[in-house]
Amino acid sequence: MSFLDTLTLTFCRLGIAGLSKWAPGTCGTFLALLVAPWLFQPLSLKMRLVLLVLVFFAGAVAATRAERLLGCKDPGSVVIDELAGAWIAILPFAGGSWTLLLLAFVIFRIFDIAKPWPIHASENWLPDGYGIMIDDVIGGIMSMLVLLLMRAAGLVNVPFAAW
C-alpha cells in the first residue's frame with residue numbers, strides 16, 4: 001500500500017476512530033463532536049459551510065478509494081461521513097455548549113442507526129463514496145432540524161452562529 005493510500009485510509013477513519021472494534025460509527029461521531037469546539041464551532045457560518053463542502057467532496061473521493069483498497073462497499077471503518085453529519089447537526093449553533101453537543105450526538109446516532117426514510121434510500125442516490133457520504137449528510141440535516149425545533153420550544157438555549 002502506498003503512502004497516499006495510507007493517508008487516505010487514515011483520513012477516512014478519522015485516525016483510529018474507525019478502527020474501533022466497538023461501533024466505529026459511534027466512535028467517529030464522538031470524535032467529531034469532541035473536536036468541534038476547536039476545529040468547527042469557532043468558524044463563522046460561511047466558513048463552516050465551506051469546510052463542510054470540502055469535507056463532503058474530499059470524503060467522497062477518499063471513501064471511494066477506501067472501498068477499493070478494503071475490497072467492500074461502505075466499509076465500517078470509514079467514518080468521515082459521521083464527521084460530516086455530526087458537524088451539519090450543529091451547523092447553525094454557536095459554540096460553547098456541551099449540552100448541545102451531547103444532544104447532537106444522541107440525535108444523530110439515532111438517525112444514523114435507524115436510517116428512517118429518506119436516509120436509507122439516499123445511500124443509492126449517488127455512486128461510490130458519494131453514496132457513503134450523502135446518507136450522513138441527510139441524517140445531519142434531520143438532526144439539525146430536531147435541534148432547531150428543540151431550540152424553538154425552549155428546550156435548548158444556544159445562540160445561533162454568526163455569519
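The legends below describe close-up views of a helix crossing and of linked salt bridges in a predicted model.

Residues are numbered from 1 along each chain as its sequence is written, and side-chain values use heavy atoms, with hydrogens and water left out. Because the model is predicted, local features need pLDDT of at least 70 and side-chain atom pairs count only at pLDDT 80 or more, whereas totals for chains, interfaces and linings use all residues.

**View 1. Crossing of helices α5 and α7.** The axes of helix α5 (residues 98–114) and helix α7 (residues 128–152) come within 9 Å and cross at roughly 130°, where helices are DSSP runs of H or I with at least four residues, numbered from the N terminus, and axes are lines fitted to C-alpha atoms over the stretch in contact, with angles from 0 to 180 degrees between N-to-C directions. That makes α5 oblique to α7, a class left over once angles under 35 degrees (roughly parallel), over 145 (roughly antiparallel) and 65 to 115 (roughly perpendicular) are set aside. The crossing of α5 past α7 is right-handed, meaning that the near helix is turned clockwise from the far one by less than a right angle.

**View 2. Residues in the contact of α5 with α7.** From α5, L100, L103, A104, I107, F108, F111 and D112 meet D135, D136, G139, G140, M142, S143, V146, L147 and M150 of α7, contact being heavy atoms within 4.5 Å. The residues of this contact divide into 10 nonpolar, 3 polar and 3 charged, with Ala, Val, Leu, Ile, Met, Phe, Trp, Tyr, Cys and Pro counted as nonpolar, Asp, Glu, Lys and Arg as charged, and the others, Gly among them, as polar.

**View 3. Salt bridges of R109.** The side chains of R109 and E82 form a salt bridge at 3.9 Å, N to O, under a criterion that places a side-chain nitrogen of Lys or Arg within 4 Å of a carboxyl oxygen of Asp or Glu. R109 lies in helix α5 and E82 in helix α4 (residues 80–89), so the pair ties together parts that are 27 residues apart in sequence. R109 also pairs with D112 at 2.5 Å, N to O, and these two residues, 3 apart in helix α5, are separated by about one helical turn.

View 4. D112 is buried, with a relative accessible area of 9%, while K115 is partly exposed at 22%; buried means under 20%, exposed over 50% and partly exposed in between, for a 1.4 Å probe and protein chains only. Through shared partners, salt bridges join E82, R109, D112, K115, E123 and D135 into one network.
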